[in-house]
Amino acid sequence: MTGTVLFDPLLPWEVLAVLAVLVVGGVILAAVRGLSGWALRGLAGLVVLAALSGPAFQQEERAPLTDIVIIAEDASASQRLPGRPEQTATAADTLETALLARDGAEVRRVVVPDGEEDAGTRLMTALSDALAEEPRARVAGLVAISDGQVHDADLPVDLPAPLHLLLTGKETDWDRRLLVKNAPAFAIIGEPVTLTLRIEDSGAVPTNTGLAPLDISVDGAPAQRFNVRIGEDIELPVTLPHGGRNVIQFTVPEAEGELTDRNNTALIQMNGVRDRLRVLLVSGEPHAGGRTWRNLLKSDSSVDLVHFTILRPPEKQDGVPVGELSLIAFPTRELFLEKIDDFDLIIFDRYKRRGILPALYLDNVARYIRDGGAVLVAAGPDFASADSLYRSPLGAVMPAQPSARVLEEAYRPKVSEIGQRHPVTTALPNAGDWGRWLRQVDVDPRAGSVVMEGIDDRPLLILDRVEQGRVALLASDHAWLWNRGYEGGGPQLELLRRLAHWMMREPELEEEALSATATGQNMRITRRTLSDTVPPLTITDPDGTVSQLDLSPVSPGQFEAEFEGPEIGLYRLENGEQSAVIGLGPAAPREFEATIATGDVLSDRVLATRGGVLRLEDGVPRIRTVREGRPAAGRGWIGITPRGAYETVDVRQSALLPPWLVLLLSAGFIVAAWLREGRR
């Protein structure tokens with residue numbers, strides 16, 4: 001119980017000050033005039049002034065409150081390394097037991113998990129949240145059990161008590177990590193892009209040769225190994241093998257005694273794009289659709305077009321001297337023998353054999369297809385004649401054989417049953433409401449997939465793979481009618497664009513493909529196929545765990561599923577003959593950028609509160625009580641500062657000058673002064 005004198009004046013303090021001046025002035029005047037009762041009159045005035053100030057005596061009954069100590073346990077990924085979880089749990093339990101054994105102490109245990117979206121260890125954020133829930137006047141100490149690798153150390157948090165850091169791990173720990181300093185999101189196919197890598201050792205590194213092996217793998221293929229120097233930047237030229245997403249994995253094998261191998265892998269996902277598409281367009285003769293092909297290809301700035309048009313066939317003999325012709329002889333030998341492999345796509349538009357391209361040239365085109373080239377044949381009536389391209393060395397790679405019939409009647413092109421599942425023709429705009437074509441070459445399919453049909457369900461568009469290359473046959477020369485808007489037109493531009501990109505092996509148009517897109521730890525898996533069903537998907541986690549997942553149909557030829565990855569890293573997907581790799585999060589997350597326990601990151605925050613940094617390897621420290629402002633840590637001990645907080649249970653007040661006492665004293669002093677002065 002405590003007592004305090006309080007004042008509750010009946011008049012403002014300013015008025016009381018004026019009255020006090022008048023009383024003092026009156027007393028001085030009486031003393032100057034020689035009145036013998038001036039002292040008694042002064043005492044009477046003092047009693048009245050004291051009464052007007054309202055003095056009271058307040059008594060409080062107080063109950064002491066306990067001191068609170070916050071223990072923050074780091075449970076982030078780096079704290080799950082071997083030995084650290086046991087150290088953390090043992091230290092937290094021991095400290096809690098020791099604190100609860102002291103009189104007037106409470107313990108609050110806070111767990112610090114992994115930060116969202118690879119934000120790292122948010123220890124100071126956790127302490128700030130814990131302090132917001134507790135009365136600051138009762139917090140006597142804060143103890144953080146961590147490896148010290150905190151990623152929000154600069155967060156402005158006002159700590160009301162000493163902060164201590166108890167380090168997990170061992171002084172002999174050492175680790176090796178792989179860093180990728182620059183990795184562009186896009187690169188041009190076939191052109192090298194330079195990546196900068198670095199291998200670093202940290203901690204108590206044992207003696208080594210200064211070299212480390214580095215494995216490089218693209219899209220999960222067998223890795224190639226190189227020996228590189230440790231602690232030096234490595235400039236590595238990388239050439240992307242294909243368009244779309246390329247997953248490049250760099251791995252340093254785990255060394256003996258290394259703390260962890262989770263930061264020995266760097267996963268780079270780069271999109272391969274083509275710099276320029278080189279297209280050779282060979283027109284057999286001028287016709288209404290010839291300019292459609294040219295306009296389509298020239299409208300794309302990324303296409304380099306070489307257009308070869310036969311305006312004067314060899315059989316044309318009109319007596320005009322060759323020197324007077326304005327036509328330019330086309331370099332057929334250079335194009336079809338020497339530089340044919342430089343082209344990404346060759347289009348034969350209503351071309352027939354006229355002796356301009358000898359059989360040797362066409363045989364080289366067939367070889368070009370087998371070696372990975374792409375040829376599109378837009379067939380006109382000449383394809384059904386004796387001069388057809390089919391009756392040349394190209395016939396061996398054609399997906400269909402002409403029957404020598406040309407059907408001249410109106411029909412509406414439609415997507416076949418298998419074409420509804422093929423990415424070239426699936427979901428074309430305004431399907432079933434297209435304008436009609438007026439001619440079709442009758443062909444007998446021998447290979448490939450018929451994705452569009454014409455008159456009486458006859459094959460109209462056939463796509464085929466020939467060894468490493470691709471061939472497409474369009475059995476009509478009337479696609480240009482859609483471009484002219486005949487009877488409403490049709491998706492000619494979209495169809496030809498998809499067709500060209502399929503022949504260029506663009507990943508999004510592959511009919512048999514397995515792909516995945518990642519959002520955080522979730523991946524959406526897409527399987528495209530021409531089949532009606534697909535087997536279960538096999539997923540291999542970064543730690544080697546294999547699981548299976550059923551794919552659900554979402555549209556013709558497309559199956560999807562969602563998968564929540566249990567951890568960040570490289571996942572391998574397999575479905576039938578298709579396979580893919582995808583990375584969830586960085587292969588070496590922020591938690592594993594630095595794994596050696598250290599107090600350097602939090603040293604400023606700890607020293608500012610006069611706390612200490614101690615290693616749990618030396619044992620759990622003892623608890624001592626220290627006064628505020630004194631050093632709160634030493635060898636083998638940490639201190640807490642008692643706060644002396646209390647709770648007021650009861651308050652009582654009593655007046656020091658009740659009215660009757662004021663009246664009695666003031667009247668007594670005045671009467672005594674009057675009597676003294678009268679006797680004199």
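Mentor: Buried means under 20% relative accessible area, exposed over 50%, and partly exposed in between, with a 1.4 Å probe and protein chains only. This is a predicted model, in which local features need pLDDT of at least 70, side-chain atom pairs count only at pLDDT 80 or more, and totals for chains, interfaces and linings use all residues. Residues are numbered from 1 along each chain as its sequence is written, and side-chain values use heavy atoms, with hydrogens and water left out.

Trainee: Is Arg350 buried or exposed?
Mentor: Helices (H or I, at least four residues) and strands (E, at least two) are DSSP runs, numbered from the N terminus. Arg350 lies in the loop between β17 (345-349) and α7 (359-370). Its relative accessible area is 13%, so Arg350 is buried.

Trainee: What is the phi of Arg350?
Mentor: Most residues other than glycine have a negative phi. Arg350 is not a glycine, yet its phi is positive, at about 50 degrees.

Trainee: Is Glu467 buried or exposed?
Mentor: Glu467 is not a glycine either, and has a positive phi of about 50 degrees. Its place is the loop between β23 (459-466) and β24 (469-474). With a relative accessible area of 61%, Glu467 is exposed.

Trainee: How do the rings of Phe348 and Tyr351 pair, and what is the angle of their planes?
Mentor: Rings of Phe, Tyr and Trp (its six-membered ring) pair if their centres lie within 6.5 Å; planes under 30 degrees apart count as stacked, over 60 as edge-to-face and the rest as tilted. The structure holds six aromatic pairs. In one of them, the centres of Phe348 and Tyr351 are 5.7 Å apart, and the pair is tilted because the planes stand at 50 degrees.

Trainee: Which class describes the pair of Phe563 and Tyr571?
Mentor: Phe563 and Tyr571 are both buried. Their ring centres are 6.2 Å apart and their planes stand at 70 degrees, so the pair is edge-to-face.

Trainee: Which residue is the bridge partner of Ser217 in β13?
Mentor: Strands β10 (residues 211-218) and β13 (residues 244-251) run antiparallel and are joined by four bridges. In β13, Ser217 has as its bridge partner Gln249.

Trainee: Which residue in β12 is the bridge partner of Thr196?
Mentor: An open, antiparallel sheet of three strands has the order β7-β9-β12. Its edge strands are β7 (174-182) and β12 (233-238), each pairing on one side only. Strand β9 (residues 193-203) pairs with β12 over six bridges. The partner of Thr196 in β12 is Glu235.

Trainee: How many residues apart are Asp344 and Arg278?
Mentor: A salt bridge is a side-chain nitrogen of Lys or Arg within 4 Å of a carboxyl oxygen of Asp or Glu. Asp344 forms one with Arg278, the closest N and O atoms being 4.0 Å apart. The pair links distant parts of the chain, with Asp344 in the loop between α6 (332-338) and β17, Arg278 in strand β15 (residues 277-283), and a separation of 66 residues.

Trainee: Is Arg439 buried or exposed?
Mentor: The side chains of Arg439 and Glu408 meet in a salt bridge (3.3 Å, N to O). Glu408 lies in the loop between β19 (400-407) and β20 (414-415) and Arg439 in the loop between β20 and β21 (440-445), so the pair ties together parts that are 31 residues apart in sequence. Glu408 counts as exposed at 52% relative accessibility. Arg439, with a relative accessible area of 16%, is buried.

Trainee: What is the N to O distance in the salt bridge of Glu494 and Arg498?
Mentor: Both residues, Glu494 and Arg498, lie in helix α9 (residues 492-503), four residues apart, about one turn of the helix. The N to O distance of their salt bridge is 2.8 Å.

Technical notes:
Two strands pair if DSSP finds at least two bridges between them.
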